[in-house]
Amino acid sequence: MEKNPNKAIIVGAGMVGAAVLGALLGDNLLSEIVLIDQNRDRAAGEALDASHTTAFAYSARAQVRAGDYADCADAGIVVMTAGPSIKPGETPDRLKLAGQNTQITRQVMAQITRYTREAILIAVTNPVDIVTFCAQAEFDYPRERVIGTGTLLDTARLRQMIAASCHVDGKNVHGYVLGEHGGGAFVPWGLVDVAGVPVDKLHTAFDLPAPLNREELLEKTKAAGFEIITRKGYTSAGIAASVARVVKGILLDERCILPLSTVQNGACGLSGVALSLPSILGKNGVEQVIEVPLQPEEQDQLERCAAHLKATLGQVEA
């Protein structure tokens, strides 16, 4: 069956899946979006609700409907959001979800691979690095076509906080959060700048009362998701925007560089684990992982992160 690159499948019609649907419709790049959920009524309801927005002249042209895994056969993109998330009051550690969500991922992947190995898979379910590894390695799916959202949202949060401190547009802030989407995340501060001004000079260039507190920025970045969960019960808007950014990069063959989680194959000396490094994203998925310069202590942080993730993977192996 000929692939339709502008057809996307969303597996999971919960809060995150519904938000992803809205974000993808807003970008108006897809011709068809299919929702799959164990609760078909929920999927059909979300699809029906979203389809009413396509009547407005300024809105999406995509056909939206509920479906099943057979719809993956000609899809260009499959977004996997199925599985529970951290709830208010629970331990703020995404790795606690590893056992249950890897089992769900195996069930989802068993269905997807019945119909396709051509679609680009975007893993959203947490712990996203563990889920990404499971989806690729256990099912021998093409490595460049399994992409976890990884630290893309963490990076957006960091950039927004720096931008707010400097009173500038966040698009002028550069730099990355790398490693695990979780407690092991770190920032290579030598790569962070605003309009070419390095992070340790921002207070002078932008007339700030004091230098930015790097440790505080990193901790706020890592805690942001759990603060949102505590306040509203779940996160959805930020991760949906992250998925839409990845989809746009694929569909427009942008070759943009984003911090995405992929199964590593030698970059920065790592293999046998999925985590986030700056990656060139285009129509074929992740086309290259960039080995950015890291300070020795940053390389140590990356390796500790990889070791921690590998230990978790050892606990959830099939």
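The model on display is predicted.

**The whole chain**

Nine helices and twelve strands make up its secondary structure. With a radius of gyration of 19 Å, close to the 20 Å that the globule rule gives for 318 residues, the chain is as compact as a globular protein of that length. The C-alpha trace extends about 55 × 50 × 40 Å along its principal axes.

Next, colour the residues by accessibility: 53% of the 318 residues count as buried. Among contacts with a separation of 6 or more, 70% are between residues 24 or more positions apart.

**Charged side chains**

Now select the charged side chains. There are 29 positive and 36 negative ones, and the centres of these two sets lie 2 Å apart.

**Stop one: Glu-32 and Arg-65**

Select Glu-32 and Arg-65, whose side chains form a salt bridge with an N to O distance of 2.8 Å. This pair connects distant parts of the chain, as Glu-32 belongs to strand β2 (residues 32-36) and Arg-65 to strand β3 (residues 63-66), 33 residues apart. Glu-32 counts as buried because its relative accessibility is 12%, whereas Arg-65, at 26%, is partly exposed.

**Stop two: Arg-106 and Glu-138**

Move to Arg-106 and Glu-138, a salt bridge in which the closest N and O atoms are 2.7 Å apart. Here too the pair links distant parts of the chain: Arg-106 sits in helix α3 (residues 98-115), and Glu-138 lies 32 residues away in the loop between α4 (128-137) and β6 (146-148). Arg-106 is buried, with a relative accessible area of 10%, while Glu-138 is partly exposed at 36%.

**Stop three: Glu-219 and Lys-222**

Select helix α7 (residues 214-232), where Glu-219 and Lys-222 are three residues apart and therefore separated by about one helical turn. Their salt bridge has its closest N and O atoms 3.7 Å apart. Which of the two partners is buried? Lys-222 counts as buried, at 17% relative accessibility; Glu-219 is partly exposed, with a relative accessible area of 47%.

Definitions and conventions
Residues numbered from 1 in each chain as written. Predicted model: local features only at pLDDT ≥ 70, side-chain atom pairs only at ≥ 80, totals over all residues. Heavy atoms only, no water. Helix = DSSP H or I, 4+ residues; strand = E, 2+ residues; numbered from the N terminus. Rg over C-alpha atoms; globule rule 2.2 N^0.38 Å. Buried < 20%, exposed > 50% of the residue type's maximum accessible area, 1.4 Å probe, protein only. Contact = heavy atoms within 4.5 Å. Lys, Arg positive; Asp, Glu negative; His and termini not counted. Charge placed at Lys NZ, Arg CZ, Asp CG, Glu CD. Salt bridge = Lys/Arg side-chain N within 4 Å of Asp/Glu carboxyl O.
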